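Load the model in your viewer and keep the selection panel open. The stops below can be taken in order.

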Amino acid sequence: MTNFHNLEAEKALLCKIIMNNDAFYKVSDILEAKHFSQDVYANLYNFITEKLNNEKPVDVISIIEFFGDNSDARNEILNTDGMLRVRDYAFILIDCWKKRELNIILLNSRLKLENGDNIEKITALIDNELAKLDIQSNINPTQHVSNVIDGIKERRKLGIKPNIISTGFLNLDAKLNGGFYSKQLAIIGARTAVGKTTLLQDIALRASKNGKKCLFVSLEVDSDRVTFKFLSNLSSIPAWKISKNFLNATEYEKVAIAEKDLSNLGVYINDSTNMKAKDIERLIKNKIVEEPVDAVFIDYVQHIAYENQNTNSATMEISKNVVALKAMAQKFDVAMIAAAQINRGGVDKPTLAHFEGSSAIEKNADVAIIIHREELGEEKRKDSYYSMAGTWILAKNRDGKSGDIHFQLEGEFGRFTEIDNF
């Protein structure tokens, strides 16, 4: 049976900490003694933890004290050389530990299955046990500013640049210093039927054309309807005609080209409904394990199920979900772009205060864009209650400019066009 351990990684990690005690603080937020496969190494890690937490240095002398007469075990640790960073070794250990734990979960579940236990009970047990494997501290190690600078210099030397997801709109990208950034939470808000889903899909499509991989999580409509809008955008044929297959020969040809082009883009769709924030996190994690993505699009915040279904405070639950989305952006190193509902009638311009769960969005969003289209009087209404021209109100931009950007909406094709306002 596979043991799922890496003894060389365990020894190399311990050796690095012994030779440089500062290395301990680079892994202490995520690494526990239980992650070691060998009791002797787990006990040594506990010994080191206790010493350093009591501000006592760990060195060769103290290691001799720990091992006593067992010079072979001591020398195995002290003579180990490793090329990886100490935190990389910690992740190797944690990964091996998770595999060992998963193996135990599966073996126990099989025994229960063979004993005739209820299948729902077994699957619930598996879910609970798997959840425990994901429990890791979100606290990053404290670093001296010089270490942060060293990291910046190293990335600069290697030519590593920030991962920026261009919106595909020149004026909007200019205000956003290039677009949305990894680890950022951007909120796109609008009243019902004003175009928040359309803009979300338009940006996802434009980003994918620029080589970015985008995961579109639709909590409101199914994947077919999402895809029809993408095809409409690419083919300039109304989505309703594509969905009803009400096409002439020329339109068939255009849709076929659009289908081929869309198939070659890095766009992934999930249309699960009634998902809680933790379900979305699991979804993103599973997708990234399969293939990394650059941006995650959520349509939309108010459709994320509440953790506490019996709550009397929708605002509080929405706030929790916004905080969770920001945490996911940072944890998975992706740009998180989510649509959100605004409750606001009339022709006056909405503000951040008009978002549902506005306080959490004001605090946690790095970028907040509000789509504003004026409501038309009855005498001007034809195909829409709102004007086709409008404004993107860049109400919050943590690292750049705010202000208004004017647009024209091609609603039947599900896309926007900027009106030059430089």
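## Helices H13 and H14

Select H13 and H14 together: they cross with right-handed geometry. This is a predicted model. The two axes come within 10 Å and cross at roughly 15°. Because angles under 35 degrees count as roughly parallel, H13 is roughly parallel to H14.

Next, show the side chains at the contact. From H13, pick Ala277, Ile280, Glu281, Ile284, Lys285 and Ile288; from H14, pick Asn321, Ala324, Met328, Lys331 and Phe332.

## Along H13

Stay on H13, which spans residues 277-290, and select arginine 282 and aspartate 279. A salt bridge joins arginine 282 to aspartate 279, with the closest N and O atoms 3.3 Å apart. Both residues belong to H13, where they are three residues apart, about one turn of the helix. Arginine 282 is partly exposed at 46% relative accessibility, and aspartate 279 is also partly exposed, with a relative accessible area of 22%.

Is leucine 283 buried or exposed? Its relative accessible area is 17%, and under 20% means buried, so leucine 283 counts as buried. Leaving aside neighbours within four places in sequence, leucine 283 is in contact with Val217, Asn270 and Met275. For a sense of scale, draw a C-alpha to C-alpha distance from leucine 283 to lysine 51: it spans 40 Å, and the two residues are 232 apart in sequence.

## Helix H9

Move to H9, residues 196-209, and select arginine 206 and aspartate 202. A salt bridge connects arginine 206 and aspartate 202, with 3.1 Å between the closest N and O atoms. The two residues are four apart in H9, so about one helical turn separates them. Which of them is buried? Aspartate 202 is, with a relative accessible area of 1%, whereas arginine 206, at 23% relative accessibility, counts as partly exposed.

## The largest nonpolar core

Select Phe180, Phe297, Ile337 and Trp392. The largest nonpolar core has 44 residues, and these four touch the most other members. Which helix gives this core its largest share? H9 does, with six residues.

Centre the view on phenylalanine 297 and show what surrounds it. Neighbours within four places in sequence set aside, phenylalanine 297 is in contact with Leu200, Ile203, Ala204, Cys214, Leu215, Phe216, Val217 and Ile337.

Select lysine 183 and aspartate 333. Their side chains meet in a salt bridge, 3.6 Å from N to O. The pair links distant parts of the chain, the two residues being 150 apart. Lysine 183 lies in the loop between strand S2 (180-181) and strand S3 (185-190). Aspartate 333 lies in the loop between helix H14 (314-332) and strand S7 (335-341).

Colour the pair by accessibility. Lysine 183 is partly exposed, with a relative accessible area of 39%; aspartate 333, at 40% relative accessibility, is partly exposed too. Side chains of opposite charge can pair when their charged atoms come close. How many salt bridges does a search of the whole structure find? It finds 16.

## Helices H1 and H5

Go to helix H1 (residues 7-19) and helix H5 (residues 86-114), whose axes come within 9 Å and cross at roughly 145°. H1 passes H5 in a left-handed crossing. On the H1 side, the contact is made by Ala9, Glu10, Ala12, Leu13, Lys16 and Ile17. On the H5 side, select Val86, Tyr89, Ala90, Ile92 and Leu93.

## The whole chain

Zoom out and select everything. The protein chain has 15 helices and eleven strands. Its C-alpha atoms fill a box of roughly 95 × 60 × 50 Å along the principal axes. Of the 422 residues in the protein chain, 44% are buried.

Definitions and conventions. Residues numbered from 1 in each chain as written. Predicted model: local features only at pLDDT ≥ 70, side-chain atom pairs only at ≥ 80, totals over all residues. Heavy atoms only, no water. Salt bridge = Lys/Arg side-chain N within 4 Å of Asp/Glu carboxyl O. Buried < 20%, exposed > 50% of the residue type's maximum accessible area, 1.4 Å probe, protein only. Core = buried A, V, L, I, M, F, W, Y, C linked by side-chain atoms within 4.5 Å. Contact = heavy atoms within 4.5 Å. Axes fitted to C-alpha atoms, helices over the stretch in contact; angles between N-to-C directions. Parallel < 35°, antiparallel > 145°, perpendicular 65-115°, else oblique. Left-handed = near helix turned anticlockwise from the far one by under 90°.
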